Amino acid sequence: MRIETSVTRLLRIDLPIIQAGMSWASSNAALPLAVSQAGGLGVIAAGPMYRDDLAVAIDEVQAGTDRPFAVNLPLYRKGADEIIDLLVEKRIPVLIASQGGPGRYLHRFKPIGTVCLHVVAGEDHARKAADAGVDGLIAVGGEAGGHPPPDLVSTLVLGRAIAKAVPHVPLVLSGGFTDGQGLAAALSLGAGAAQFGTRFMLSREARLHDAYKDCLLQARIGDTVIVGRDLGMIRVLRNVFADRMMEIERQDTAEDVRRAFFQTASLKAAAFGGDTQMGKLEAGQSAGLVSDILPAADIVRRVALEYAATVNALPIPNEDEERKLHAG
């Protein structure tokens with residue numbers, strides 16, 4: 001199946017389905033490779049990776065498929081310039097950059113033909129990135145896990161606002177998408193693709209501890225909370241850490257005390273060690289919409305089939321009524 005949009009044409013992929021770059025869950029080759037082979041865009045999460053490990057992961061994906069894939073790079077990470085050097089050397093097909101300005105990398109990747117997508121969280125940010133010359137945008141709404149936008153505007157509203165602000169730039173929406181119905185919604189808002197994070201955390205290839213995946217499976221749509229609002233805000237599943245952090249924040253505790261406790265927990269402790277009580281269980285609100293663990297390729301295929309069924313089931317305007325509407 002092929003679903004052609006502005007984003008699939010830009011990225012040279014079959015389906016407008018992008019797997020989010022999720023620290024630890026896709027900080028290797030297995031998940032990105034499976035998604036790219038299935039016709040979507042697989043994404044290696046470079047954020048927590050050592051340079052040499054990232055090089056190995058890129059080589060493995062390149063050896064496993066001739067389809068496009070991406071590397072997600074948070075520009076604030078330590079050694080970001082060294083990672084940029086590596087990505088240029090590897091001539092990656094697609095770069096997804098976040099938490100920094102496009103001027104830092106565009107002059108390195110444009111000459112070698114790498115498609116550059118920039119993550120944004122508002123209209124002004126989107127305009128600045130578009131004016132800088134990025135090839136496309138990824139807009140992340142408040143439903144997203146990990147680091148949602150500070151104002152928590154929903155993807156529904158944010159997506160329309162950015163699509164109207166920069167209609168000439170291919171747009172990907174992220175936050176709240178798990179299925180083909182969500183993909184149809186994203187495309188109807190003016191996007192050319194949807195990015196799926198939590199759904200791919202519940203794939204067989206995601207590098208997460210089974211205990212973490214079990215928590216995701218049991219979650220309902222209201223089971224995530226926002227903590228660390230001025231410390232690097234994150235959306236996580238409620239657990240002992242999240243409840244204690246919220247209590248500390250309610251008490252208006254001094255910043256150094258809040259920061260010290262916030263830093264006692266880590267995503268790595270949950271993802272690798274299975275610490276579901278004191279680890280940071282990053283997850284989107286859409287965790288409550290997922291009830292199974294599947295191979296990543298099956299997720300891609302299911303989303304595409306659900307999209308087709310959803311679009312085909314939409315009501316078609318009555319031609320007589322449509323003519324009356326336009327006439328009146």
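A: A residue is called buried when its relative accessible area is under 20%, exposed when it is over 50%, and partly exposed in between, using a 1.4 Å probe and counting protein chains only. By that rule, buried residues make up 55% of the 328 residues in the protein chain. This is a predicted model, in which local features need pLDDT of at least 70 and side-chain atom pairs count only at pLDDT 80 or more, while totals for chains, interfaces and linings use all residues. Residues are numbered from 1 along each chain as its sequence is written, and side-chain values use heavy atoms, with hydrogens and water left out.

Some background on the whole chain comes before the close look. The protein chain has 15 helices and 10 strands; these are DSSP runs numbered from the N terminus, helices being H or I with at least four residues and strands being E with at least two. The radius of gyration is 20 Å, close to the 20 Å that the globule rule gives for 328 residues, so the chain is as compact as a globular protein of that length. That radius is taken over C-alpha atoms, and the globule rule is 2.2 Å times the number of residues to the power 0.38. Of the contacts with a separation of 6 or more, 59% are between residues 24 or more positions apart, where contact means heavy atoms within 4.5 Å.

Two strands count as paired if DSSP finds at least two bridges between them. Strands of a sheet pair through backbone hydrogen bonds, either parallel or antiparallel.

Now take two of the pairings. Strand β3 (residues 69-74) and strand β4 (residues 94-98) run parallel and are joined by 5 bridges. A70 has V94 as its bridge partner in β4. Further along the order, β6 and β7 pair in the parallel sense over 4 bridges, and L137 has its bridge partner L171 in β7.

β7 also shows how a strand can be covered. In a regular strand the side chains alternate between the two faces of the sheet. L171 and L173 lie on one side of β7, V172 and S174 on the other, and all are buried, leaving both faces covered. Helix α7 (residues 155-165) has buried residues too, among them L158, I162 and A165. The cover over the buried residues of α7 includes β5, α6, β6 and β7 (171-174).

A salt bridge is a side-chain nitrogen of Lys or Arg within 4 Å of a carboxyl oxygen of Asp or Glu. Side chains of opposite charge can pair when their charged atoms come close. The whole structure has 18 salt bridges. In one of them, D14 meets R2 at 2.4 Å, N to O. D14 is in the loop between α1 (6-11) and β1, while R2 is in the segment before α1, 12 residues apart. D14 counts as buried at 18% relative accessibility, whereas R2 counts as exposed at 61%.

D14 forms a salt bridge with R67 as well, with the closest N and O atoms 3.0 Å apart. R67 lies in the loop between α3 (51-64) and β3, 53 residues from D14. R67 is partly exposed, with a relative accessible area of 23%.

Another salt bridge joins the side chains of K110 and D135 at 2.7 Å, N to O. K110 is in the loop between α5 (106-109) and β5 (115-120) and D135 in the loop between α6 (123-132) and β6 (136-140), so this pair ties together parts 25 residues apart in sequence. K110 is partly exposed at 38%, and D135 is partly exposed at 22%.
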